[in-house]
Amino acid sequence: MFLVIGVLAVAFGFISTTHTYTVGEGLYRVGISPGAPHVRDARFVFTVADALTGQALLQARALDLYIDGTRVFARDDAKSQYALGAIKRVLDKYEVARVNSEFEIGNAFPLRIEVNYLTPAGDVAPDLAATLPAAGATDPAPAALGEPATRATDADVRKQIEGDTTLPELKSGTDKQIIVPSLTTPPNPFGQVILAFLYILPVFFVSVFFTSGFMDEKMNRRLTILLSAPITPLQIILGKMLPYVLFALAGVVGMALVTQVDPGLALIIFAPAVLFIFGIYLMVPMLYRTFKDTTFISMLATSVTTAYLIFPAMFSGISDLAYMSPVTLAVKMYRAETFGAQEYLFATVPLLLIFALSLYVGTRVLNEEYLMGYRPLFRKIADAIYLILNRAHVNASILALSLMLIPIVYIAQLVALAISLNLPMRVAVGVMLLIAASIEEIAKSIGIIVLHEHGYVRSTRHVFALAFLSALGFLVGEKALLFVSVSAVAQSNLAGALFNTGLLPVPLAAHFVFTSIVSVLVVRFRWRYAFALLAAVLVHSAYNALLVGGIQ
Amino acid sequence: MNAFFAIVKKELRAITRERTILIAITIQLFIASFSSALLIGLLSFYDPEALAANTRPNLRIGIIGNTNSPLNLYLRNARMRVTAFDSAAEAEAAFHNRALDLILYVPDDDPRSAVEMKMFLPRSEMLSSFIMIFLREPLKRYENFLRRERGVTVNYTDLGGSPATTFEFLYSVIVPMLMFFPAFVAGSMVIDSLSEELETHTFETLWSAPLSLTMIFGAKIFAALVVAVIQIALWLALLRLNRIDIQNLGWVFVLATLTAAINIVLSAFTATSLRDRERSQFLYSLFIVIMASASYVVDFAPMQLITRLATGDYYSGGWDVAKYALVLAVLMPVLFRAARRLITV
């Protein structure tokens, strides 16, 4: 079976490199007159038709466009206009190729732009004037019209033409770049992101086996025997995980070899991502009870991890926040660009932290009573949290718990953000603030509530103390992440907007008040957790709204 | 027949009680929103025309050298503020005072040789990428002007049309995905339900009741189909609410339902022949991945048919959908016979 996956992974890699991925294959129908240029693009289905038939078919909506020689006809409706917009690009490329083959390079590409970068004042900037040609300097000997004088930039232009119009994107390096407007394409990492995704895809298949392995042992009660053996839970988990991890890493190496990049570099980039996925999948068998649960919880885990890994990479080159995901590093690798240690750490440390957290939780909850218990999902999570907490050091545990939950809070908020974008903008902001507040309040209070249920909370004063510790832990974690993102990432404006750390620097006091509200209402006044939570969330959101309003 | 609906009811109740269906719907919503809202927004970042149509930044450009070239006009037409400077030093000072976003040095245009411009951008990857995206169109116009001066004609320069990236993505990725995701979920539901009963041997108990095998299978398949159909209808309504126009709505719905049915029947077959949830689910997800990739290569695949139907393709209609009904009609009896043999063995 493993062989099958291996073969498939390689096959997919091969297909993806040879078969260019096009969105919207066969979407438009285009009629062309016999003399019109024959362009190729998977999105268009071309039919040759004379002008009269072509126009008639166009009006009958059997064609979306009709190209008559150098003229293009379209209808006024949306689809025809989209088709027109799409074919414009294709014809642009066609024309560039035609002009290139028919004319002298100096006439075909008469505009070359040298890109220079200016540093802010105060830095040692290259003198702008010094880079310009001196006034009155004479150009190379003028030739007759039609035979343009050769230019130093001709070589650059040729290189770009041979590069099949896919251009090197802008790099803020020191080397100067020559740009030819009609040969420039905006940097689009879509292809490289898809390629990077192919590294991750087999890992998901492998982790399905890993999860099933646990489930099997659970069903056959073999885990009981394992647990009574003289080995630690950590050894059990690592032992079960190791073969699958090795296989996943072998897949990464294979993929790197197929796509002809350095396997060592690919391993360095993808190993943390592989561990992260396994960490998430380790949590799946800890939570589920029936077969149906397995399927759906795995599906949820798959989609969230995929989104977390893939989405930021789409911003490669646009925002430095893209470094949130190691896939961005892979995009860089495929563009033969370099990245620094800071960027690497920014991308991988959170993933490794989640893996470590997952391992820790795994070892704490790996006991028969917990795994075999058939209880509602929420109870299951509460039990897991109870097992995580060190009952001998309650206070320190609460502090550590809210610190550790930070990565999970971030991922949950990311998911919420994505879903709330379906709503109209104004509603979305409100909903997002509410959800963000709820997630944070749950993360901070859950430990205290669980402790209370098991009778570890002694007095109201103790509640306040725990609430303070929880708020402290949360704030420290939040600020640490903010610090990392600010120091590693130069322009992380988006980070603030996305995760409300920069935008809403909620001070310790506020966190403390909100957590106290939940805890005291539950412990002292015996409210139901949901209602207590609602109260705190309302106060928290009001505070956030005030803060957002204050900034604007 | 009462027994049939009893099983259907039991299946549906199991799903709603465990709330797993809520997770399934959340996942679909999450994937769809993630890919649509964010990817569309993102792709338009890389789509200069879409970007220029949505936002109009007033880039402030300082020109040195030849301050009267036609480029100024093209830049102004693209709503950029152009200021001429006599010397490089003045322009640089303005740049450092944040009065300019970039500086362009334009040499005199001599038709006998290529024009070598110089561009001075702020040293920031993000900022300079954005500036380049906005400058591309006016620069291309200027390039074409220079070409005309040199006797080179370029055709198709003034085609209008709307930026199509969003449109293409919506109808060829999002709509098919939403229409087929319910089928995917339903297939994996049937596998779970069947293999759980087969593995824990409750299937025999069910069978010993006065129920034919066909009826048990039929009921399980029907229950999964009901869940799929509800989701399909839900997504179509959601698309409608988002003002996304779906042509041939009826056929799109029928096609999505048929694919769901085919998928469910195949999954049921997989579950009965393997009798092992782990292996069935694995084979199933592998099958889905292969089908999804194949649908990009093969023309008749349901994914492209959905796209064509939804965008109102002239040549696609009920006949194409009917083919899938035929496939289902052939598959159903085959499955029932095979299942009877597999289970009685």
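Me: Which residues form the aromatic cluster with A:Tyr28?
Reply: In this predicted model, A:Tyr28, A:Phe44, A:Phe46, A:Tyr82, B:Phe167 and B:Tyr171 form one aromatic cluster, where rings of Phe, Tyr and Trp (its six-membered ring) pair if their centres lie within 6.5 Å, planes under 30 degrees apart counting as stacked, over 60 as edge-to-face and the rest as tilted. Residues are numbered from 1 along each chain as its sequence is written, chains are lettered from A and ligands numbered from 1 in the order in which they are written. Local features need pLDDT of at least 70, side-chain atom pairs count only at pLDDT 80 or more, totals for chains, interfaces and linings use all residues, and side-chain values use heavy atoms, with hydrogens and water left out.

Me: How many aromatic pairs are there over all chains?
Reply: A search of the whole structure finds 19 aromatic pairs over all chains. One of them is B:Phe4 with B:Phe222, a tilted pair at 5.8 Å centre to centre with 45° between the planes. That pair links distant parts of the chain, with B:Phe4 in helix α1 (residues 2-18) of chain B and B:Phe222 in helix α9 (residues 213-241) of chain B, 218 residues apart; helices (H or I, at least four residues) and strands (E, at least two) are DSSP runs, numbered from the N terminus.

Me: And B:Phe4, buried or exposed?
Reply: B:Phe4 counts as buried because its relative accessibility is 11%, whereas B:Phe222, at 34%, counts as partly exposed. Buried means under 20% relative accessible area, exposed over 50% and partly exposed in between, with a 1.4 Å probe and protein chains only.

Me: What about B:Phe181 and B:Phe184, what kind of pair do they form?
Reply: They form an edge-to-face pair, 5.6 Å centre to centre and with 85° between the planes. B:Phe181 and B:Phe184 are 3 residues apart in helix α7 of chain B, so about one helical turn separates them. B:Phe181 is buried, with a relative accessible area of 14%.

Me: On to the core, which members touch the most others?
Reply: In the largest nonpolar core, which has 88 residues, A:Ile87, B:Met179 and B:Phe217 touch the most other members. A nonpolar core here is a set of buried Ala, Val, Leu, Ile, Met, Phe, Trp, Tyr and Cys residues joined through side-chain atoms within 4.5 Å. Helix α7 (residues 165-199) of chain B gives the largest share of this core, 19 residues. A second, separate core of 71 residues includes A:Phe209, A:Met241, A:Val327 and B:Leu286.

Me: What does A:Ile87 touch?
Reply: Leaving aside residues up to four places away in sequence, A:Ile87 touches A:Val30, A:Phe44, A:Phe46, A:Leu65, A:Ile67 and B:Leu159, a contact meaning heavy atoms within 4.5 Å.

Me: New topic: what is the strand order in the open sheet of 4 strands?
Reply: The order is β2-β1-β3-β4 in chain A, with mixed pairing, and two strands pair if DSSP finds at least two bridges between them. The edge strands are β2 (44-48) and β4 (71-74) of chain A, each of which pairs on one side only. Neighbouring strands of this sheet are turned by 25° against each other on average, direction ignored.

Me: How many bridges join β3 to β4 in chain A?
Reply: Strand β3 (residues 65-68) of chain A is joined to β4(A) by 4 bridges, and the two run antiparallel. A:Asp68 stands opposite A:Arg71 in β4(A). Helix α2 (residues 51-59) of chain A packs on the sheet, touching β3 and β4 of chain A, and its direction makes about 160° with that of β3(A); axes are lines fitted to C-alpha atoms, for helices over the stretch in contact, and angles run from 0 to 180 degrees between N-to-C directions.

Me: Where does A:Ile446 lie, and what does it touch?
Reply: A:Ile446 lies in helix α18 (residues 425-453) of chain A and counts as buried at 17% relative accessibility. A:Ile446 touches A:Ile385, A:Leu405 and A:Tyr529, not counting residues up to four places away in sequence.

Me: Which residue has a positive phi of about 55°?
Reply: A:Arg526 has that phi although it is not a glycine, and its place is in the loop between α21 (508-523) and α22 (529-551) of chain A. A:Arg526 is exposed, with a relative accessible area of 63%.
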